[in-house]
Amino acid sequence: MERPQTFADIALRPALQETVAKVGYLKPTPIQAYLIPRALINRDVIGQAQTGTGKTAAFLLPFLNSWQPGEAPGPQAIILVPTRELVSQVVEEARKLTPEPQCKTVAIYGGQRIKGQIDAVRAGLSIAVGTPGRVLDHLARGTLNFSNVRYVVLDEADRMLDIGFRPDIERILRRCPARRQTLLLSATLPETVLKLATRYMVKPIHINLAPKRITVEKIRQTYITVDKERKFDLLKLVLEREKPKQCIIFCERKRWAQELYEDLKNHDMPAGVMHGDMEQAQREKVMQRFRAAKIELLVATDVVGRGIDVTGISHIINYDLPIDPENYVHRIGRTGRMGKDGIAIAFVTPEQGELLTNIETFINKQLDAEEIQGFEAFRKRIETTSEPAEEKKQVPVFGRKRRNYRRGI
Ligand code: AMP
């Protein structure tokens, strides 16, 4: 199958082509060019692609292409995603790309009163976009009927399994008619995801366009060593120096994110914050303001941060280094969207040398060390000798020394 260069080559129905043009998509992104033609011939497809590549439109357009007025009562398509933010983003994209107002998309997620969702479903829908837990809730209550579902998408399947959604996803898939098309999108394809695919998909075509290194190579990545208690001062300095257009500052814990947000506020540096302890409505408000560029700095944790898709993000600051190297890739992938360049700066404390090495091994690239005067991290020499205390010098931990040591030179 040749790779189509334009949406006209893909031969979408005319109304859909018009909407795509109106939205401003001039030509298909690689994942769209590969995935859409294969899905249009009703094959199951596994697409290995990350956010920021146009994967949402890639899985929405084949369904929208086949949609016809007067179909059996919906939903005809069900799209499962890991987080509420992602639900909102997919819903937004679906509404943008749908030519006919009768083809309705409904968001189904927790943290919002179920009553409103039930009313929206009753009013009729074609596409249900939801998190697995809440979708299952609706199935159990009998408020969603899956007997006419013919198109199923598992988006960010690896993340959904990470969060522990596997049993819910399987229950949902078992409730869908066997005669259906199933698409699975995932940044990585670990054994668990492949098992799910083998069990619930029929001879899927596999598309891999997301070697991680390619995505992160566009991003200038550096690290700065800093003592834990001086991180906040360093952050102020870096923000002053970089003057980011928009920046996400990642923290490892919800409480740390909240504290950092409050510290910023107390230092006259207005920011937004997003973490899993916040109400859905609050999170959405922050997201909207960030998307509208009314917020320049956003403090976030991984689960919510991962779904953020805003093209204006110029900087990512890893205020806390992620324990899981994969999260590093997801975090920095929030910048450098749609071919733009981005900057990612990691704060590394003296104890975190190994963590940094893990990340570098995972991305197969060494981060450049940045020296900022006054912020060289020091630690006391290990006190194993009987040297008098006043003679104990402080020695820098990272920089060249760390590298040479690590490489055994
Ligand atoms: P996604 O990977 O689905 O999160 O998409 C990332 C961004 O790319 C979103 O803001 C989309 O609106 C945008 N986008 C998707 N497809 C195209 C395209 N063909 N041309 C330009 N922008 C696109």
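## Around the ligand

In this predicted model, the ligand is surrounded by 15 residues, and the closest are Tyr25, Gln32, Gly52, Gly54 and Thr56. Let's look at how some residues meet the ligand. On tyrosine 25, a polar side-chain atom lies 2.4 Å from an oxygen atom of the ligand. Glycine 54 uses its backbone instead: one of its N or O atoms lies 2.7 Å from a ligand oxygen atom. Lysine 27 also takes part through a backbone N or O atom, which lies 3.0 Å from a nitrogen atom of the ligand.

How much of the ligand does the protein bury? Taken alone, the ligand exposes 500 Å², and the protein buries 85% of that. Two elements give two or more residues to the shell around the ligand: helix 4 (55–66) and helix 5 (84–97).

## A strand covered on both faces

Now turn to strand 2, which spans residues 77–80. In a regular strand, the side chains alternate between the two faces of the sheet. Here Ala77 and Ile79 sit on one side, while Ile78 and Leu80 sit on the other. Are these four residues buried or exposed? They are all buried, and both faces of the strand are covered.

Strand 2 also has neighbours to pair with. With strand 4 (residues 127–130), strand 2 pairs in the parallel sense over four bridges. Strand 2 and strand 5 (residues 151–154) run parallel too, joined by four bridges. Isoleucine 79 is a handy landmark here: in strand 4 it stands opposite valine 129, and in strand 5 its bridge partner is valine 153.

## How confident is the model?

Across the chain, pLDDT averages 85, and 88% of the residues score at least 70. Residues 379–409 are a stretch to read with care: their pLDDT stays under 50. The model has 40 contacts beyond four places in sequence for this stretch. Where pLDDT is low, the predicted coordinates should not be read in detail.

Key:
Residues are numbered from 1 along each chain as its sequence is written. This is a predicted model: local features need pLDDT of at least 70, side-chain atom pairs count only at pLDDT 80 or more; totals for chains, interfaces and linings use all residues. Side-chain values use heavy atoms; hydrogens and water are left out. Buried means under 20% relative accessible area, exposed over 50%, partly exposed in between (1.4 Å probe, protein chains only). Two strands pair if DSSP finds at least two bridges between them. pLDDT is the predictor's confidence in each residue, from 0 to 100. Contact means heavy atoms within 4.5 Å. A residue is near a molecule or strand if one of its heavy atoms lies within 4 Å of it. A polar contact is a pair of N or O atoms within 3.5 Å; within protein, one must be able to donate a hydrogen and the other to accept it, and residues adjacent in sequence count only if both atoms are side-chain atoms. Accessible areas come from the Shrake-Rupley method with a 1.4 Å probe; for residues, only the protein chains shown count as cover.
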